[in-house]
Amino acid sequence: MNPLRAIGKAFIGFLASTGRITVFAATSVSHCVRPPFYYRLIGRQMIDIGYYSLPVVGLTTLFAGMVLALQSYTGFARFSAEGAIPSVVVLSITRELGPVLAGLMIAGRIGASMAAELGTMRVTEQIDALETLSTNPYKYLIAPRLIAGITMLPLLVFVGDIIGVFGGYVVSVYKLGFNASAYLQNTWTFLEPLDVVSGLVKAAAFGFLVSLMGCYHGYSSRGGAQGVGAATTNAVVSASILILVTNYIITEMFFAQ
Amino acid sequence: MSDTPKIRMRGVKKRFGPKVVLDGFDLTVMPQESVVIIGGSGSGKSVSLKCVIGLITPDEGTVEIDGVDVATLSTGEREEVNSRIGMLFQNAALFDSLPVWENVAFGLIQGKKMPRKKAYDVAIEKLSQVGLGTDVAVLSPAELSGGMRKRVGLARAIAGDPDIIFFDEPTTGLDPIMGHVIDNLIVQCVREVGATALSITHDMASARRISNQVAMLYKGKNIWQGDTATIDESGNDYVDQFINGSAEGPIEMELLKP
């Protein structure tokens, strides 16, 4: 095949996919804000995304904070700048590592699960069955997951931030010999509300993207078990890439000089 | 009986990429008739059914339910039409996350906003109609055999006392005895509800049991429609070959074409 033709075909395919995802997102969001609302399903998704993801997000941010303190110490000690470690830990965790790591972990845990569940429902005609039972699949399946993703990820990241800072505190105080009260004071002194807020805004955006990609790829899956497997992979990969891209865009919005 | 057909498809065309599946398909189903569409695998039977239900939009042609072109309906109106239909899917399509009774009562709770307690009672009644006891009501669909899943699917299809019931390959994957049992249940339930039935199958024994009209779909067209009792004297070579399951005939010749 002519290479230019292959590139053109891939580009048109990319545009078509982007268009389909945009239409899917617009339809889904419109169903999120219009009644009826399935409160029971929203609650179930919130528990699944929020409560059951807490251990994995907590562990991730705990060790991220611990490693960050340790690495910063080995680097900063060369310049006698150990005193900057509390602020480096808290700013890195709240602005970047908390939301990004939590987003990536949720993409793996929840995005994959959503794609697999909806994909299986699609290939076993359960989504078709919903329509024949006068139930809009966007309202019943997609909207609760989107709402839960957008609301739960900021909460998870907020808790993750605290755990991550605590991880840095533990390593700094009990391993590196920092004074506990001085460490905490430095942490608070350099932390501004915008640092936390920007992380929570990122978390809400990542929650939306993870849920959207999981739902889109699951809802659109075709072709039996293989199709469901491909949908699951695509959901995690696309959500992860979008998280990294969106992270840069939001960082630009908040902190570009 | 009303003169307005319950279902009418006129000149319905549907293609997927280069493959033409329906090519001017016509079908008329009168109220309280039970019509079966027969045809080979991949002939477009499921597509024709999904065009009526609204799961697939035809490229051309019209689909009317009670004389109303469903393409002109708003989402709300379409949902209202769907609330008057029931569907038994090929593999029952039960919701894995819900117990059996909630599967049966799903349309009542979500579509008709019936209180859960009342919907539970209706579900138990419908399950008993298809020969299943209250002990099954609390089971998960994963715990059911193929025959039981079909019965639950049938109970769900008739739960809302629908005007029209669709059956997609109702006996596929079942042993002959269970297939016969399901057919008898279908006939009994359709009669009790007083519904119009449209089924698709390639199981001729099943088609003869559950229908009073048969239509044959071939190459995207309805090539024959008539009383089930007269199908053996259809005079159509394609129908004769299909109902006799003969390897020789016009259909074989078409299949052998390069």
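I took axes as lines fitted to C-alpha atoms, for helices over the stretch in contact, with angles running from 0 to 180 degrees between N-to-C directions. Helices (H or I, at least four residues) and strands (E, at least two) are DSSP runs, numbered from the N terminus.

**Ground rules.** This is a predicted model, in which local features need pLDDT of at least 70 and side-chain atom pairs count only at pLDDT 80 or more, while totals for chains, interfaces and linings use all residues. Residues are numbered from 1 along each chain as its sequence is written, and chains are lettered from A and ligands numbered from 1 in the order in which they are written.

**Chain A, α1 and α8.** I looked up helix α1 (residues 3-32) and helix α8 (residues 193-219) of chain A; their axes come within 11 Å and cross at roughly 110 degrees. That makes α1(A) roughly perpendicular to α8(A) (angles of 65 to 115 degrees; under 35 is roughly parallel, over 145 roughly antiparallel, the rest oblique). The crossing is right-handed, that is, the near helix is turned clockwise from the far one by less than a right angle. I found I21(A), F24(A), A25(A) and S28(A) of α1(A) in contact with L212(A), C215(A) and Y216(A) of α8(A) (C-beta atoms, placed from the backbone, within 7 Å). These residues divide into 6 nonpolar, 1 polar and no charged. Ala, Val, Leu, Ile, Met, Phe, Trp, Tyr, Cys and Pro count as nonpolar, Asp, Glu, Lys and Arg as charged, and the others, Gly among them, as polar.

**Chain A, α8 and α9.** Next I looked at α8(A) against helix α9 (residues 224-255) of chain A, and noted an angle of about 155 degrees with the axes 9 Å apart. That makes α8(A) roughly antiparallel to α9(A). This crossing is right-handed. Among the residues in contact are L194(A), F206(A) and M213(A) of α8(A), and L242(A), I250(A) and F254(A) of α9(A). By class I noted 14 nonpolar, 8 polar and 1 charged.

**Chain B, overall.** Chain B comes to 10 helices and 10 strands. Its radius of gyration is 18 Å, close to the 18 Å that the globule rule gives for 258 residues, so chain B is as compact as a globular protein of that length. The radius is taken over C-alpha atoms, and the rule is 2.2 Å times the number of residues to the power 0.38. The C-alpha trace of chain B spans about 55 × 45 × 40 Å along its principal axes.

**Chain B, sheet of four.** I followed an open sheet of 4 strands, ordered β2-β1-β4-β5, with antiparallel pairing (two strands pair if DSSP finds at least two bridges between them). Its edge strands are β2 (19-29) and β5 (68-69) of chain B. Strand β1 (residues 7-16) is joined to β4 (residues 60-65) of chain B by 5 bridges, and R8(B) has E64(B) as its bridge partner. Helix α1 (residues 45-53) of chain B lies across β1, β2 and β4, at about 120 degrees to β1(B).

**Chain B, sheet of six.** A second look-up gave an open sheet of 6 strands, ordered β6-β7-β8-β3-β9-β10, with mixed pairing. At the edges are β6 (85-88) and β10 (221-227) of chain B. The twist averages 15 degrees from one strand to the next. Strand β9 (residues 213-218) of chain B runs antiparallel to β10(B), joined by 6 bridges, and Y218(B) stands opposite K221(B).

**Between the chains.** The contact takes 10 residues from chain A and 15 residues from chain B. On the chain A side I noted 2 nonpolar, 5 polar and 3 charged residues.

How values were computed
Two residues are in contact if their C-beta atoms, placed from the backbone, lie within 7 Å.
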